[in-house]
Amino acid sequence: MELDELIETFEFLGDWEERYRFLIDLGRKLPPMPAEEHTEANKVRGCMSQVWFAHSLRPGTPPTLEFRGDSDAHIVKGLIALLFAVVSGKTPREIADSDIGEIFTRLGLENHITMNRRNGFYSMVERIQNIARQELARA
Amino acid sequence: MSGYDLARVRAEFPILRETVRGKRLAYLDNAATTQKPESVLRAMDGYYRSSNANVHRAVHELAERATGLYEGARDRIARWFKASREEIVFTRGTTEAINLVARSFLAPRLQPGDEVLLTGMEHHSNIVPWQLAGAKTVAAPVNDAGELVFEEWLKRIGPRTRLISVVHVSNSLGTVNPVEDIVREARARGIPVLVDGAQAIAHLPVDFPALGADFYVCSAHKAYGPTGFGCLVAKREHLEAMPPWHGGGDMIRTVAFEGSTWNEVPYKFEAGTPDMAGAIGFAAALDWIESAGLQAIAAHEHALLEYATPRVAAVPGLRLVGTARNKGGILSFVMQGAHPHDIGSILDQEGVAIRTGHHCTMPLMERFAVPATARASLAAYNGEDDVDQLVAALHKVVRLFG
């Protein structure tokens, strides 16, 4: 799903309950992360619930990034799915140069997500940016 | 609930008139911190408006007023615990009070391998300070209801036990521990005892001399008082024998480069300009509890817990964590298919404030094999409407995640 499409859907959903339901459904549809990738090293710090991220580089010219992730909280899984929808299939350069954190405000999530969780969201954004930068440096 | 005027109690807490997310606020996060009544806000505001000056050692009128209020607060707090004023050491709260005892009382008596006996339901603040002091921490088990297994606790008192420390009321489960029995057994063996009263003082009377514990610690903010203030209640003989731990102003008698001497107790432990407004606010909070009636508050909270427990437990897929027979107004729970943080987020949208997480009791979470719980906790101003709002929101969680 593209960002504009997501925003459109979100705006269409009226109240917070429908938006939450949408987020939870997005999280449910997140492809399962292999058990062996639930490692300490893959853990994203700064989140109130447990979050794991892993990635791989899909060969191509230029190569693109694929992400896998999981959380023990549904709403967080929904946020992960939102982020992945925006960054998956993009090149490290595209991700490193874009402000992926802006989707949070563009979706109007600040009205629905408390500060603690917002910080967790930005920890996830930072992890994605770091992955992209590392891959750039390696290329 | 006859004789308890909930509307009047509520009217004294201005924050309860707030709306959150466009909804009526159901504040059920009282074990984290309670709200403050007008009288506490007025006492603290009034102090700064008409009496603020640094206490002790001054010869001007304002300083005398400030000292009078500040030391008056010490008398008030001492009276609450039926202790003498020399037995009240002001701290920043429960955590600092435990650290003081760990550093100044326990550490000097410690040999390698010496132990502090705890329970499996202790707050991190009643675990880590002992470890930092160099003690080995031993914990007695908790049963499936969240009660201390007393016989097992007894068995863990050994020749290396240098101190026993126990939470009076568990912040995660609400369990009220048999502190009288614990103190009796400890004293029979000559082992000093500390009781962590953070969750207790706003709900239970504490008679320090009758209890016979060596140390009792608490925080003002969990008892309708200000944050950043609390106290250590300690037997005077211990305070006399303990070395000071923080150096600076107010704790000294004389200072010379060859060596300094210390002020008398309790000032020996109160370095630096103290939290005058905090002390005054705490005293006002205790006055407030007394005027509302501690027994009446306790009876009200107990009745509300009895009202809430079956209603919360009846929510599909919900499991209560902590079902002790003797229990304070705390409902900790987990729900099938929803992480505690998911629960907290949905409840927040419905105007219900609860806490989610490990509640600084990671070993206890491990014991119950949960990563975290959702916790609703009651106070004097809560009513059946708050519980109804909570239960309705929990049913919404079921609809969303079920």
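So, how much area is buried between chain B and chain A, and what percentage of it do carbon and sulfur atoms give? This is a predicted model, so keep that in mind throughout. The buried area comes to about 1500 Å², and carbon and sulfur atoms account for 52% of that. On the chain B side, the residues that lose the most area to chain A are H341(B), Q349(B) and L400(B). Together those three make up 36% of what that side buries.

Okay, who touches whom? We have 19 residues of chain B in contact with 17 residues of chain A.

As for polar contacts, the count is six residue pairs, with both residues at pLDDT 80 or more.

Which parts of chain B do the touching? Helix 12 of chain B gives the largest share, six residues. If you sort that side of chain B by residue type, you get five nonpolar, seven polar and seven charged.

The average pLDDT is 86, and 95% of the residues score at least 70. In chain A, strand 2, residues 64-71, comes out highest with a mean of 94, while helix 5, residues 102-106, is lowest at 79.

That's my bit, over to you.

Terms used: Residues are numbered from 1 along each chain as its sequence is written. Chains are lettered from A and ligands numbered from 1 in the order in which they are written. This is a predicted model: local features need pLDDT of at least 70, side-chain atom pairs count only at pLDDT 80 or more; totals for chains, interfaces and linings use all residues. Side-chain values use heavy atoms; hydrogens and water are left out. Contact means heavy atoms within 4.5 Å. Buried area is the accessible area (1.4 Å probe) that two parts lose on being put together, summed over both. A polar contact is a pair of N or O atoms within 3.5 Å; within protein, one must be able to donate a hydrogen and the other to accept it, and residues adjacent in sequence count only if both atoms are side-chain atoms. Helices (H or I, at least four residues) and strands (E, at least two) are DSSP runs, numbered from the N terminus. Ala, Val, Leu, Ile, Met, Phe, Trp, Tyr, Cys and Pro count as nonpolar, Asp, Glu, Lys and Arg as charged, and the others, Gly among them, as polar. pLDDT is the predictor's confidence in each residue, from 0 to 100.
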